[in-house]
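Please keep the sequence and the structure at hand while reading.

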Amino acid sequence: MAEKAKLGKEFSKGLIKENPVLRLVLGTCPTLAVSVSVTNAIGMGIAATLVLICSNVVISALRKIIPSKIRIPAYIVVIASFVTIVQMLVKAFVPALNDALGVYLPLIVVNCIILGRAEAFAGKNPVAASFFDGLGMGIGFTFALIVMATIREIIGSGTFLDGIDSLTALFGVTGFTGFTLFSNPVGVMVMAPGGFLVFGLVMALANKIAEGRGKPKAELKDCSACPMADACSMAGKGESCEEKAKEESAS
Amino acid sequence: MINGKTLHVSISPHLRTTKTTRSVMLDVIIALCPALIASGIIFGLRALVLTAVSVIACVVFEYAMRKILGRSNTLGDLSAVVTGILIAFNCPSGLPVWMVIVGDAVAIIIVKQCFGGIGQNFVNPAIAGRIFMLLSFGQMSKWTAPMAGFMNLTKVEALTGATPLAVAEGEALPSLTDMLLGIRGGCLGETCIVALVLGGLYLVVRKVITPVIPCVYIGTVAVIMLIAGKGDFNHVAYQVLSGGLVLGAVFMATDYTTSPISTKGKVIYAIGCGLITSLIRIFGSLPEGVSYSIILMNIATPLIERITTPKPFGTPKKEKKAKEETA
């Protein structure tokens, strides 16, 4: 039972509490670029989640074989292989999505969330835990993307689920091409300034929710997610880095 | 007792002023009145309606946001009213009313209240609202022809009239007198230069603003345009009088929160505004650059403040020396 509860925790932490986009502030670049339409957000979220789960599992399985000095190149090779597979699948089955996502699809290779989870979690934890961590983080990423894209698409383009038929066609459903809500949209919302604006507001909301549950603001108490943990003399002492920095400057 | 007067011993501050935020904002509103009346005459009743809606929307948003965030009510300082008037002044009079309300919402809710309210906004709320509308709505650059409203009913109504900045070469420009009086296409509060200058002088006389920023800003644009126009003073006059330059320089670049405190800083800030405005007008794809130049210099203001902070009397001249001593 305890084992199961632990796996459940690894899964659920990525949803809000340690949401990669809204709480860990990782993967900001694809988030801002892709969240202009809900269809793109769903497509990007699924693609990134698939890569994340696969790379987490493989890296976790190989964690005792990969020498720590060259772990980053090794992770990149694993991640790049899965990205290539996903990209080929998308090109073959959902070409419209491939056109819409453009360069951001191959750029999943250098997505901070995936590399970050490999470094912070999969490289140190067993396969099952890494799988659930990847799944939770992937769904958290997709969730954040969809929330932002919904706001931006409705206000910025006056549509909702525009172009969704490119995704539903995979399951044999065609004909539904989304709603057109109104014809005088606030264009800036689908531009970069609107992206930052919505990002800030949604992040504030996520902080508020997590704070309400007794979690400190975007601050991680343990060092497992910190890429500097190995080099840090204070790692694993149970205090936050900011507190340490304060103490150091005081002394 | 010295010469019959009581000697007061008190803690600082010893110099007090009767000025409050409310009185300053009230002065700004009074200074905006001539331009408001002018806009009513030039663009008709709709200009006044748009301004009224904008003011009401700003006040409502301000009240609602303070309430939601659990902060004290700040409607009394009238800053929301000023923002409302300025946003309406930055719109063409034919703009649909709901678009102005969107601009008000961005200005008050996001730029002002999300950053902590009056005195905490990182850029001028009115400018941010204008840029948000400008990027979103094509209607922001569809100008209503002046005098199409209730002043001159016999004249054939023109649907749109280009602003002098957007007029292609060869087309007729309004005469310089018309430019001064504001009988031209443009945003509803920016056209009547005489009224804006009147308001600016009132603010200077009441010591609400110093003339440094407006003078240096407009001066920089004039000098650059003189060079760019190869010494053609007519060109300079049109550049200075057209667009939102005077409105921006007098009422928006001088916002206390987002402009430097020291005179040296103000000069740097105003030169920056003038430079960016001129560069956008000459080389940019947009006809007008006042709002972008002010918002960019607003963001640069903390950096300007950092390099222009006056040194207190008696501190070492060079920081290097102090460092060497401690080392």
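The sections below describe a predicted model, moving from a pair of helices to the chain contact and then to charged pairs.

## Helix packing in chain B

Two packed helices are described by the angle between their axes and the distance between the axes. In chain B, helix α3 (residues 79-89) packs against helix α5 (residues 125-136) at an angle of about 35°, and their axes lie 9 Å apart. The crossing in which α3(B) passes α5(B) is right-handed.

On the α3(B) side, the residues that meet the partner helix are Thr83(B), Leu86(B) and Ile87(B), while α5(B) contributes Pro125(B), Ala126(B) and Met133(B). Sorted by class, this contact of α3(B) with α5(B) consists of five nonpolar residues and one polar residue, with no charged residues.

## The contact between chain B and chain A

Between them, chain B and chain A bury about 740 Å², of which 77% is on carbon and sulfur atoms. On the side of chain B that touches chain A, the elements giving two or more residues are α4 (97-112) and α5 of chain B. By class, that side of chain B has seven nonpolar and two polar residues, and no charged residues.

How many salt bridges are counted between chain B and chain A? The count is zero, whereas one residue pair is found in polar contact across the interface of chain B and chain A, with both residues at pLDDT 80 or more.

## Salt bridges

Over all chains, a search of the whole structure finds seven salt bridges. Side chains of opposite charge can pair when their charged atoms come close. In chain A, the side chains of Glu10(A) and Lys6(A) meet in a salt bridge, with an N to O distance of 3.9 Å. Glu10(A) and Lys6(A) are separated by about one helical turn, because they are four residues apart in helix α1 (residues 2-12) of chain A.

Methods. Residues are numbered from 1 along each chain as its sequence is written. Chains are lettered from A and ligands numbered from 1 in the order in which they are written. This is a predicted model: local features need pLDDT of at least 70, side-chain atom pairs count only at pLDDT 80 or more; totals for chains, interfaces and linings use all residues. Side-chain values use heavy atoms; hydrogens and water are left out. Axes are lines fitted to C-alpha atoms, for helices over the stretch in contact, and angles run from 0 to 180 degrees between N-to-C directions. A crossing is left-handed if the near helix is turned anticlockwise from the far one by less than a right angle, and right-handed if clockwise. Contact means heavy atoms within 4.5 Å. Ala, Val, Leu, Ile, Met, Phe, Trp, Tyr, Cys and Pro count as nonpolar, Asp, Glu, Lys and Arg as charged, and the others, Gly among them, as polar. Buried area is the accessible area (1.4 Å probe) that two parts lose on being put together, summed over both. A salt bridge is a side-chain nitrogen of Lys or Arg within 4 Å of a carboxyl oxygen of Asp or Glu. A polar contact is a pair of N or O atoms within 3.5 Å; within protein, one must be able to donate a hydrogen and the other to accept it, and residues adjacent in sequence count only if both atoms are side-chain atoms.
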